[in-house]
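Welcome! Take a moment to look over the chain below, and then we will walk through some of its features together.

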Amino acid sequence: SVIVVNMILLGVEVDLAASIGQENVPVWYGVVNATAVGIFVVELSLTFLALGIRKFFCGKNRAWNIFDFCIISLSVLETSTELWQQAIAREQVSTSQLRFFRSVRLVRALRGVRMVKLLRYVGALRTLVLSIASSMASLFWTLMLLVIIFYTFGIMFTQLVSDYCRYEVGSATMAGCVDKVGVYWSSLPESMLTLFMTISGGVNWEETFRPLIDVSIFAVMCHIIFTTIAVL
């Protein structure tokens, strides 16, 4: 429950800091944050004393113990840095120290990873996560297939548009095609990105389709075939 409450308050604090500025966030947020970290440290210390160093790092729950140890250690570092930053004047903070403070503050978000411990107690949630994890191999090969499709069709469109710009427009490079043909199909990476955005909602497929009408009927057919394959 402490983990859940701490994550809720952390989300509220981050949202509030983005709205009114970190300097104007009420002090009690920092107090609650430090209290939560203190509770986590006490919990980890009691577990360590009860199990001993051997069972803590080598027992049957060693994965969870090491996980908690790393997250809580980083939380202690983040809280200590936050108190140090508040103790010194803003004018005395150098650029390197400021970068360090900003980097350490990102550690706070890692505290939410501890919520995965809820998987030990919620059977339905654990089953769902295990189902997702077991399908990661299939997901990987599905992504690889999509990359191959993007790459293959990207080569076609880039070559067709490049020839169009060279022979029809009279430009030796894509820079001469100032219309949407040059915008969406100017290079192989750009063509692959355009194809990805076409099927993911990043751009309307008609916006990328219309400029190809001036290129060739073959480019139009390739776009239709790609869209059909990607949708299926």
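Let us begin with a pair of helices. Helix H1, covering residues 2-20, packs against helix H2, covering residues 27-58, at an angle of about 150°, and their axes lie 10 Å apart. Because angles over 145 degrees count as roughly antiparallel, H1 is roughly antiparallel to H2. The crossing of H1 past H2 is left-handed.

Which residues of H1 and H2 meet? From H1 come Val-2, Ile-3, Asn-6, Leu-9, Val-12, Glu-13 and Leu-16, and from H2 come Tyr-29, Val-32, Asn-33, Ala-36, Ile-39 and Phe-40. Sorted by class, this contact between H1 and H2 holds ten nonpolar residues, two polar ones and one charged one.

Please keep in mind that this is a predicted model. Stepping back to the whole protein chain, you will find eleven helices and zero strands. Following the sequence from one end to the other gives the pattern α-α-α-α-α-α-α-α-α-α-α. The protein chain has 232 residues, and 29% of them count as buried. Looking at contacts between residues at least 6 apart in sequence, 61% join residues at least 24 apart.

Now for some individual residues. Asn-65 sits in helix H3, which spans residues 62-87. Is Asn-65 buried or exposed? Its relative accessibility is 8%, so Asn-65 counts as buried, the cut-off for buried being under 20%. Setting aside neighbours within four places in sequence, Asn-65 touches Leu-44, Thr-47, Leu-51, Lys-55 and Phe-56.

One of those partners, Leu-51, belongs to helix H2. With neighbours within four places in sequence left out, Leu-51 is in contact with Phe-56 and Asn-65. At 36% relative accessibility, Leu-51 counts as partly exposed.

Next comes a charged pair. Side chains of opposite charge can pair when their charged atoms come close. How many salt bridges are counted here? The count comes to one salt bridge. It links Arg-210 with Glu-206, and their closest N and O atoms are 3.3 Å apart. This pair qualifies because the cut-off for a salt bridge is within 4 Å. Arg-210 is partly exposed, with a relative accessibility of 49%.

| Residue | Relative accessibility | Class |
|---|---|---|
| Asn-65 | 8% | buried |
| Leu-51 | 36% | partly exposed |
| Arg-210 | 49% | partly exposed |

Terms used: Residues are numbered from 1 along each chain as its sequence is written. This is a predicted model: local features need pLDDT of at least 70, side-chain atom pairs count only at pLDDT 80 or more; totals for chains, interfaces and linings use all residues. Side-chain values use heavy atoms; hydrogens and water are left out. A salt bridge is a side-chain nitrogen of Lys or Arg within 4 Å of a carboxyl oxygen of Asp or Glu. Buried means under 20% relative accessible area, exposed over 50%, partly exposed in between (1.4 Å probe, protein chains only). Axes are lines fitted to C-alpha atoms, for helices over the stretch in contact, and angles run from 0 to 180 degrees between N-to-C directions. Helices (H or I, at least four residues) and strands (E, at least two) are DSSP runs, numbered from the N terminus. Angles under 35 degrees count as roughly parallel, over 145 as roughly antiparallel, 65 to 115 as roughly perpendicular and the rest as oblique. A crossing is left-handed if the near helix is turned anticlockwise from the far one by less than a right angle, and right-handed if clockwise. Contact means heavy atoms within 4.5 Å. Ala, Val, Leu, Ile, Met, Phe, Trp, Tyr, Cys and Pro count as nonpolar, Asp, Glu, Lys and Arg as charged, and the others, Gly among them, as polar.
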